[in-house]
Amino acid sequence: MAAGAAAETAADEPDYRVLQEAAEWFAVLRAPDAGDGDIQGWRNWLAADAAHRQAWTRVEAVSGKFEHLPADGKPMAHRILDTAAGRQASRRRTVGMLALLGATGMGAWGLKRTVPWQAWTAAHRTGTGQSLEMRLSDGTRIWLNTASAIDADYNGTLRRVFLRAGEIFVETASDTAATPRPFVVDTAQGRLHALGTRFGVRQLDGASIVAVFEGAVEILPQESGGAGPVLRAGEQARFTASGARPAAPAEARLQAWTRGLLVAEDMRLADFLSDLSRYRPGYLGCDPRVADVRIVGTYALSDTDRVLAALEATLPVRVRSPLPWWTVVEPF
Amino acid sequence: MPDRTSSLNVETLYCDHHGWLQGWLRRKLGNACDAADLAQDTFLRILGKREAVALREPRAYLTTIARGLVVNFWRRQEIEQAYLETLILQPESLSPSPETRALLLEALCELDALLDRLNPKARNAFLLAQLDGLGYREIAERLQVSERMVKKYMAQAMLHCLASGLRTP
């Protein structure tokens with residue numbers, strides 16, 4: 001799991017022929033008239049060879065990139081991509097011409113910059129099912145969980161990490177600068193001021209969660225006016241812009257993912273599946289009739305299909321995929 | 001000491017070549033700020049690689065990585081420009097939140113790279129299906145081709161994306 005990003009680029013590349021077949025199956029299943037026969041054919045193809053399954057995970061990854069576009073941005077995405085592609089084509093023509101004329105000085109390229117690009121884009125990010133471990137210039141280590149994005153901004157007075165999406169785990173190092181600079185993580189709801197620590201932060205919709213495993217972290221919700229509660233090791237709290245909830249015991253799962261594990265300590269199945277769905281493309285649903293089944297256990301995040309198979313083997317449930325990217329867990 | 005073979009020690013690499021790399025990037029980009037950013041990104045990229053690399057020519061290694069980042073940087077600017085132009089056309093109530101914008105922009109850059117150099121008709125069919133949610137019949141009508149052709153375009157576009165990791169950047 002920790003090597004997810006690397007594993008994608010390295011090692012055995014699938015056969016082009018197999019990719020071709022996978023692409024054809026995609027076109028068949030995506031058609032509005034795809035029937036049971038097609039789906040059965042596709043399943044047989046999948047079952048026939050591990051290389052087929054591997055190629056199919058690539059199809060899912062590509063189609064996931066579209067599915068995971070923010071819904072309110074989709075309508076304009078097509079236009080933006082077309083405009084940009086037009087520009088690229090004309091840049092290529094121009095670059096070709098410049099080369100022909102033997103001209104140099106590409107640095108003077110005439111694109112105007114209206115907005116600092118770092119304000120718009122996250123410098124480090126992971127896709128669904130990937131994770132990333134990185135080390136910042138002062139030795140601070142940061143792990144990015146699935147579908148996460150951060151910006152790191154170190155200046156003369158502050159070491160700042162902005163969590164744009166998803167979840168990170170931070171292990172701070174003492175500052176290398178002559179005057180030690182504070183280390184903070186900013187989320188959409190406020191600032192976390194680290195006091196020599198290991199801690200996890202997760203950005204939810206409209207709230208953030210922080211869990212401290214070593215040292216302490218001060219929570220400064222946006223509207224708190226510069227003072228907030230301090231969490232000690234073993235505590236976790238959820239906060240919004242207006243304030244923090246009382247501290248609760250830190251959940252192991254907020255740290256376990258850095259080792260590629262999903263830990264359930266007497267968790268509701270619905271909550272477990274919603275957590276698991278963060279690591280796989282497509283939709284993963286839970287039938288309300290089994291939502292309250294409790295689960296305990298430790299599962300490897302590297303293969304979410306195996307996690308689902310394990311649930312089937314140990315709980316009174318079955319896993320059904322009516323469509324390629326749609327999986328539901330139902331009563332047996 | 002550009003030609004000494006040594007196992008990759010990022011600190012040494014940084015001390016010896018950071019200034020030089022930043023100069024190289026400044027000449028390419030014509031802008032000191034972006035050059036500093038990309039030089040930093042180049043070293044971060046190297047830090048992200050776990051395996052030690054024996055470096056005979058560290059500067060060639062650095063420029064290989066930096067050149068890739070420069071290309072991405074230009075593409076990103078083109079996307080960003082197109083994005084801002086589109087945003088201006090949106091009614092205020094429809095314009096997405098800053099968080100959404102950052103994610104959208106990042107995702108668009110990724111898609112743009114995936115679709116790079118795909119045949120325009122296949123590309124259009126694929127985007128009409130994946131982004132605009134159109135069915136094959138509607139796409140066929142718009143593009144004035146048969147539904148069978150649309151299916152072919154879809155497969156062609158998907159194959160292009162699947163193989164994008166196999167192409168050299």
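Buried residues make up 33% of the 332 residues in chain A, where buried means that 20 or more other C-beta atoms, placed from the backbone, lie within 10 Å of the residue's own. This is a predicted model, so to speak of a local feature takes a pLDDT of at least 70 and to count a side-chain atom pair takes 80 or more, while totals for chains, interfaces and linings use all residues. Residues are numbered from 1 along each chain as its sequence is written, with chains lettered from A and ligands numbered from 1 in the order in which they are written.

Chain A holds eight helices and 18 strands; these are DSSP runs numbered from the N terminus, with at least four residues (H or I) for a helix and at least two (E) for a strand. Among the contacts in chain A with a separation of 6 or more, 46% join residues 24 or more positions apart. Two residues count as in contact if their C-beta atoms, placed from the backbone, lie within 7 Å.

Now for the two chains together. Here, 51 residues of chain B are in contact with 51 residues of chain A. On the chain B side, helices H1 (10-29), H2 (32-48), H3 (58-89), H4 (98-115), H5 (120-130) and H7 (147-162) each supply at least two residues. H4(B) gives the most, with 14 residues. By class, this side of chain B has 27 nonpolar, 10 polar and 14 charged residues. Nonpolar covers Ala, Val, Leu, Ile, Met, Phe, Trp, Tyr, Cys and Pro, charged covers Asp, Glu, Lys and Arg, and the others, Gly among them, are polar.

Inside chain B, the axes of H5(B) and H7(B) come within 8 Å and cross at roughly 95 degrees. That makes H5(B) roughly perpendicular to H7(B), a label for angles of 65 to 115 degrees. Residues making this contact include Phe126(B) and Ala129(B) of H5(B), along with Tyr153(B) and Met154(B) of H7(B).

The largest nonpolar core has 77 residues, and Val210(A), Leu108(B), Ala125(B), Met154(B) and Met158(B) touch the most other members. Such a core is a set of buried Ala, Val, Leu, Ile, Met, Phe, Trp, Tyr and Cys residues joined through C-beta atoms within 7 Å. H7(B) brings the largest share of this core, nine residues. Leaving aside residues up to four places away in sequence, Leu108(B) touches Ala77(A), Ile80(A), Leu81(A), Ile79(B) and Tyr83(B). A second, separate core of 18 residues includes Phe272(A), Leu284(A), Val290(A) and Val329(A).

Technical notes: Axes fitted to C-alpha atoms, helices over the stretch in contact; angles between N-to-C directions. Parallel < 35°, antiparallel > 145°, perpendicular 65-115°, else oblique. Buried ≥ 20, exposed ≤ 12 C-beta atoms within 10 Å, placed from the backbone.
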